[in-house]
Amino acid sequence: MPKQSAGLLLYRVTDDGVEVLLGHPGGPFWARKDDGAWSIPKGEYPPEEDPWTAARREFREEIGFDAPDGPRHELPPVRQSGGKVVTAFAVRGDLDVTAQVSNTFELEWPKGSGRIREFPEVDRVAWLAVEEARSKMLKSQLPLLDALLAQLAAG
């Protein structure tokens, strides 16, 4: 059984079009990666947990704010390259994320040094226009963006 992850694709509509909120993963592995590295706020959850509850929890942990209460739309699940299945929900809302604070994780760094360091799970977040989001998002999550745009076009 593949690992399950749940997340929230927060979006807003501006005069310039649709923007989505994405996060850049923290830690040394992602420090020099930008294009193709950003993700929706998401995280793993156990089989007995409701995916919507998990998505809201993960949003709070990674962004530092409660998820907006707007209507949600479940998007078709996607499978990431490592096999993890992501269930995501699109929610319209607007947040000022300049004060974003993420939870942290510990990692031996540099590897083999015996030094344990703490890193943010998400080191920065940004509202990105759709075309920029396409270049920044993990390729496996691009179908989530396409599904959101299809829902918005359908009204």
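**Entry 1: charges**

Before counting charges I noted that Lys and Arg count as positive and Asp and Glu as negative, while His and the chain ends are not counted. I took the place of a charge as NZ of Lys, CZ of Arg, CG of Asp or CD of Glu. On that basis I found 19 positive and 25 negative side chains in the protein, with the centres of the two sets lying 6 Å apart.

**Entry 2: what I am looking at**

I wrote down that this is a predicted model, in which local features need pLDDT of at least 70 and side-chain atom pairs count only at pLDDT 80 or more, whereas totals for chains, interfaces and linings use all residues. Residues are numbered from 1 along each chain as its sequence is written, and side-chain values use heavy atoms, with hydrogens and water left out.

**Entry 3: the whole protein**

I looked up the elements and found three helices and nine strands, where helices (H or I, at least four residues) and strands (E, at least two) are DSSP runs numbered from the N terminus. Their order from the N terminus is β-β-β-α-β-β-β-β-β-β-α-α.

For 155 residues a compact globule would have a value near 15 Å, and the protein agrees because its own value is 15 Å. The C-alpha atoms fill a box of roughly 55 × 35 × 25 Å along the principal axes.

I also noted that 45% of the 155 residues count as buried, a term that means under 20% relative accessible area, with exposed over 50% and partly exposed in between (1.4 Å probe, protein chains only).

**Entry 4: Ser5**

I found Ser5 in strand β1, which covers residues 4–14, and Ser5 counts as buried because its relative accessibility is 0%. The side chain of Ser5 reaches the backbone oxygen of Gly43 at 3.1 Å. Beyond its neighbours within four places in sequence, Ser5 is in contact (heavy atoms within 4.5 Å) with residues including Lys42, Gly43, Val85 and Thr87.

**Entry 5: Phe119**

Is Phe119 buried or exposed? I found it buried, with a relative accessible area of 9%, and placed in strand β8, residues 116–120. Leaving aside neighbours within four places in sequence, the contacts of Phe119 include Gly27, Pro28, Phe105 and Trp109.

Note on methods: Polar contact = N/O pair within 3.5 Å; in protein donor to acceptor, adjacent residues only side chain to side chain. Rg over C-alpha atoms; globule rule 2.2 N^0.38 Å.
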